[in-house]
Amino acid sequence: MTTADGCSVEVYTLLPTAGEAQIVHDAIPAGAEVLDLGCGTGRVAHELMALGHPVTAVDDSPEMLAHVRAHKVCSRIEDLRLDRRFEAVLLASHLVSAPDSAPVLAAVARHLAPGGRAIIEWYPPEWFDTVEDGGGRLGEVEISLSGITRDADLLSATVRYAARGAAWEQHFTARRLDQPGLDALLAGAGLVFGRFLSPDHTWFSAGSD
Ligand SMILES: C[S@@+](CC[C@H](N)C(=O)[O-])C[C@H]1O[C@@H](n2cnc3c(N)ncnc32)[C@H](O)[C@@H]1O
């Protein structure tokens, strides 16, 4: 089973976390309620709940949401209008690096409470400059990247996942943003860059103030 953006539900039921929830937890107040946009199977949401954060989890895949134990909403992020705001909005999985992520960032902004924090994972510019074909492992899942092509500020590639004798592929295209480009994209949604949250600069915070 695959989602609209090509993610395999099976892969996300097998992938362990890799410190994502702790990065979010460390960047927001204790007990802050989190809106998790593009939650998948709840891989990160469930850990956030264990760390004391109530979570509302959003995805447009009913098959992904079937695994989620948080309060869940089936919706495209771009169309989401919950008519309420959250102290923390999580946009993980490099969704902000998609070629046109402005409508997704607008959804982040309209659900962020005054003084709240958006916690965002992106591909930093250094990644575009250095990424090569190669592989690694997360838990029992072997992950490899191949077929990288570059066209101006766009990079396309295929990620291959393998586990338990099965394999899945996902093709993706990401847009390279440098810091001024990121600042401009955030500003378009009424958001302001906060600070980097991880040494590799793949996570950062943003606010509306
Ligand atoms: C790569 S998975 C990651 C899931 C989760 N963030 C994690 O780290 O485990 C991306 C998820 O975002 C969802 N997604 C991607 N774009 C979306 C959109 N525009 N609206 C709603 N869900 C979206 C997909 O259905 C998928 O479940």
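View 1. The model is predicted. A polar backbone atom of Gly38 is 2.8 Å from a nitrogen atom of the ligand. At Asp60, a backbone N or O atom lies 3.3 Å from a ligand nitrogen. On its own, the ligand has 590 Å² of accessible area, and the protein covers 92% of that.

**View 2. The shell around the ligand.** The ligand is surrounded by 18 residues. Gly38, Arg43, Asp59, Ile77 and Glu78 are the closest of them. Sorted by class, the shell holds six nonpolar, six polar and six charged residues.

**View 3. His53 in its loop.** This residue sits between α3 (43-50) and β2 (55-59), in the loop that links the two. Is His53 buried or exposed? His53 counts as buried, because its relative accessibility is 1%, below the 20% limit for that class. Its side chain reaches the backbone oxygen of Ala32 at 2.8 Å. Ala32 is also among the residues in contact with His53 once neighbours within four places in sequence are set aside.

View 4. Pro125 belongs to helix α6, which covers residues 125-130. With a relative accessible area of 11%, Pro125 is buried. Which residues does Pro125 touch, not counting those up to four places away in sequence? They are Arg176, Leu177 and Asp178. Arg176 is 51 residues from Pro125 along the chain, yet their C-alpha atoms are separated by 5.9 Å.

**View 5. The buried residues of helix α5.** Helix α5 spans residues 102-110. Its buried residues are Val104, Leu105, Ala107, Val108 and Ala109. An α-helix has 3.6 residues a turn, so residues three or four places apart point the same way. What do the buried residues of α5 pack against? Their partners include the strands β1 (34-37), β4 (86-91) and β5 (112-121). Helix α7 (179-188) is another partner.

Note on methods. Residues are numbered from 1 along each chain as its sequence is written. This is a predicted model: local features need pLDDT of at least 70, side-chain atom pairs count only at pLDDT 80 or more; totals for chains, interfaces and linings use all residues. Side-chain values use heavy atoms; hydrogens and water are left out. A residue is near a molecule or strand if one of its heavy atoms lies within 4 Å of it. A polar contact is a pair of N or O atoms within 3.5 Å; within protein, one must be able to donate a hydrogen and the other to accept it, and residues adjacent in sequence count only if both atoms are side-chain atoms. Accessible areas come from the Shrake-Rupley method with a 1.4 Å probe; for residues, only the protein chains shown count as cover. Ala, Val, Leu, Ile, Met, Phe, Trp, Tyr, Cys and Pro count as nonpolar, Asp, Glu, Lys and Arg as charged, and the others, Gly among them, as polar. Helices (H or I, at least four residues) and strands (E, at least two) are DSSP runs, numbered from the N terminus. Buried means under 20% relative accessible area, exposed over 50%, partly exposed in between (1.4 Å probe, protein chains only). Contact means heavy atoms within 4.5 Å.
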